[in-house]
Amino acid sequence: MEIPTDCEHFHTMTTEPIDRLPSLARATRTSVMLSAEVFRVDRDGASQHRVTNISETGVCITQAGDLVAGTVVVVAIGSIAPTPANVAWVRSGLAGLAFQKPIDVPAARRRRANGVALPAPAAGWLAELNSPYKD
C-alpha cells in the first residue's frame, strides 16, 4: 500500500483492515490560506504555521518542524477559542492535527481583532499534562 504524503489523504491512514472500520463520513475539507498558532506543553510561546486545509475535525499545517505524532497540542486559528488537538501524523514538512472536539470552520476563517494576542495555556489539564505530580 502506498502511503499518501499530502494533507488531503491523512484521514485514510490506518492499520485496521477496512472491514473492521466503522462507516464514517469524511468531514469536508476546505483549502485555505490561514495562519495557526500551535502551543505545546514542552515549549514557551507558540509556533506559527500556515494552514493548507481545514475541516470541523482537523487541520493540515506546514512547517511541522519537530512535532511528533501522538502528542497533544493546542491550536489557535482565526476567532475560535484555542482548542486541543492530537498530532495525527507528521511527514515531509506537513502535519495533520485532529481536533478533540469539532470546531466552527467559518469562525476559524475569521480574523482575530487586531492587537489580540493569545496567551499560552497556563491552567487546566494542558498545563499539567507532563506534571510528575499528576495522578
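1. A residue is called partly exposed when its relative accessible area lies between the limit for buried, under 20%, and the limit for exposed, over 50%. Arginine 43, with a relative accessible area of 40%, is therefore partly exposed. The model in which this value was computed is a predicted one, and the points below should be read with that in mind.

2. The side chain of arginine 43 meets that of aspartate 66 in a salt bridge, with a distance of 2.4 Å from N to O. This pair links distant parts of the chain, since arginine 43 belongs to the loop between strand 1 and strand 2, while aspartate 66 belongs to the loop between strand 3 and strand 4, 23 residues apart. Aspartate 66 is likewise to be classed as partly exposed, because its relative accessible area is 41%.

3. Arginine 40 also forms a salt bridge with aspartate 66, here at 2.8 Å from N to O. Again the pair links distant parts of the chain, 26 residues apart: arginine 40 is in the loop between strand 1 (30–39) and strand 2 (46–54), and aspartate 66 is in the loop between strand 3 (58–62) and strand 4 (72–77). Arginine 40 counts as buried because its relative accessibility is 16%, which falls under the 20% limit.

4. A further salt bridge joins the side chains of arginine 40 and aspartate 42, at 3.3 Å from N to O. The count for the model comes to 3 salt bridges.

5. On the aromatic side, the count of aromatic pairs comes to 0. A ring does take part in another kind of arrangement, however, in that the charged end of arginine 91 sits over the ring of tryptophan 89, at 4.3 Å from the centre of that ring.

6. Threonine 83 deserves a separate remark: this residue is found in strand 5, which covers residues 83–91. Threonine 83 counts as buried because its relative accessibility is 11%. Which residues does threonine 83 contact, leaving aside its neighbours within four places in sequence? The contacts are with Val73, Val74 and Val75, together with Phe99 and Ile103.

Conventions
Residues numbered from 1 in each chain as written. Predicted model: local features only at pLDDT ≥ 70, side-chain atom pairs only at ≥ 80, totals over all residues. Heavy atoms only, no water. Helix = DSSP H or I, 4+ residues; strand = E, 2+ residues; numbered from the N terminus. Buried < 20%, exposed > 50% of the residue type's maximum accessible area, 1.4 Å probe, protein only. Contact = heavy atoms within 4.5 Å. Phe/Tyr/Trp six-rings, centres within 6.5 Å; stacked < 30°, edge-to-face > 60°. Lys NZ or Arg CZ within 6 Å of the ring centre and 35° of its normal. Salt bridge = Lys/Arg side-chain N within 4 Å of Asp/Glu carboxyl O.
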